[in-house]
Amino acid sequence: MSRVSTSVLTASFFSAAVLLAQDQQPPQPQKKLETTRPAKPAEQEPPEEDESLKPEEFSLNPLEAQKNVTAGDYYFKTKKNYHAAARRYLRATKWDPGSAEAFLKLGESEEKLNDHAAAREAYEKYLELAPAAKNAEGIRKKIDKWPAPKSASN
C-alpha cells in the first residue's frame, strides 16, 4: 500500500472515530428520584396476647381491697395459710393504699412467716396511717425487739 492510501485510511478511520464519539457520549449519572419516606411511627410494645401474662394495673378501689382482706382473713384464720393470706393482704394494699386494716393484717401475716423486714415495713405503714390506734404501742414494742433492718449501703 502506498503512503497516500495509508494516510487516507488513517484519516477516514480517525473521522469515523470522531463521529462515533459524538454519537455516543458517556452516560450522565442519573439523578436519584427524591422521594419522601413516611415518618416511622414510634415503636410500641405490641399488646399482650395472653391476658393472664399482662401486668395488673391497680387503681383506688376500696371494694376490691375489702374483698382481698376478706379472702386473706379466710386463709389466715381458717386455713392457716399465711403465704396466701399475705398475698391477699398485699393486693388489698395495692387496691387501697390508705387501708390501715390491710397493712396491719399484712404485717401479722409476714410476722407469722418470720419475715421481720416485711412485717416491719407493713407495721410502719400501718402506724403511719393510724398513729392513735389502740394497739399502736404494742406494735412499736414488737418492732423494737426485732433485729434492725439492713441499710441499703450494706
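A: Ile-139 is found in helix α6, where helices are DSSP runs of H or I with at least four residues, strands are runs of E with at least two, and both are numbered from the N terminus. This is a predicted model, in which local features need pLDDT of at least 70 and side-chain atom pairs count only at pLDDT 80 or more, while totals for chains, interfaces and linings use all residues. Residues are numbered from 1 along each chain as its sequence is written, and side-chain values use heavy atoms, with hydrogens and water left out.

With a relative accessible area of 4%, Ile-139 is buried (under 20% is buried, over 50% exposed, and partly exposed in between, for a 1.4 Å probe and protein chains only). Once neighbours within four places in sequence are set aside, Ile-139 is in contact (heavy atoms within 4.5 Å) with Leu-104, Tyr-123, Tyr-126 and Leu-127.

The axes of helix α5 (residues 116-129) and helix α6 (residues 136-145) come within 11 Å and cross at roughly 150°, the axes being lines fitted to C-alpha atoms over the stretch in contact and the angles running from 0 to 180 degrees between N-to-C directions. That angle makes α5 roughly antiparallel to α6, since angles over 145 degrees count as roughly antiparallel, under 35 as roughly parallel, 65 to 115 as roughly perpendicular and the rest as oblique. The crossing of α5 and α6 is left-handed, that is, the near helix is turned anticlockwise from the far one by less than a right angle. On the α5 side the contact is made by Arg-120, Tyr-123, Glu-124, Tyr-126 and Leu-127, and on the α6 side by Ala-136, Ile-139, Arg-140, Lys-142 and Ile-143. Sorted by class, the contact of α5 with α6 holds six nonpolar, no polar and four charged residues (Ala, Val, Leu, Ile, Met, Phe, Trp, Tyr, Cys and Pro are nonpolar, Asp, Glu, Lys and Arg charged, the others, with Gly, polar).

Helix α5 also carries a charged pair of its own. The side chains of Glu-128 and Lys-125 meet in a salt bridge, at 3.4 Å from N to O, the rule being a side-chain nitrogen of Lys or Arg within 4 Å of a carboxyl oxygen of Asp or Glu. Glu-128 and Lys-125 both lie in α5 and are three residues apart, about one turn of the helix. Of the pair, Glu-128 is exposed, with a relative accessible area of 56%, whereas Lys-125, at 27%, counts as partly exposed.

Glu-101 forms a salt bridge with Lys-105, the closest N and O atoms being 3.2 Å apart. Glu-101 counts as partly exposed at 32% relative accessibility, but Lys-105 is buried, at 15%. Leaving aside neighbours within four places in sequence, Lys-105 is in contact with Val-69, Asp-73 and Tyr-89, and Asp-73, Glu-101 and Lys-105 are linked in a network of salt bridges.

Asp-73 leads on to another helix pair, as this residue is among those of α2 that meet α3, together with residues including Glu-64, Lys-67, Val-69 and Phe-76, while the α3 side includes Tyr-82, Arg-88, Tyr-89 and Trp-95. Helix α2 and helix α3 (residues 82-95) pack at an angle of about 165°, with their axes 8 Å apart. That makes α2 roughly antiparallel to α3, and the crossing of α2 and α3 is left-handed. The contact of α2 with α3 divides into eleven nonpolar, two polar and five charged residues. Within α2 (residues 62-79), Glu-64 and Lys-67 are three residues apart, about one turn of the helix, and their side chains meet in a salt bridge of 3.5 Å, N to O. Lys-67 counts as exposed, at 51% relative accessibility.

For the chain as a whole, the count comes to six salt bridges, and the secondary structure comes to six helices and zero strands. Of the 154 residues, 24% count as buried. Among contacts between residues at least 6 apart in sequence, 46% join residues at least 24 apart.
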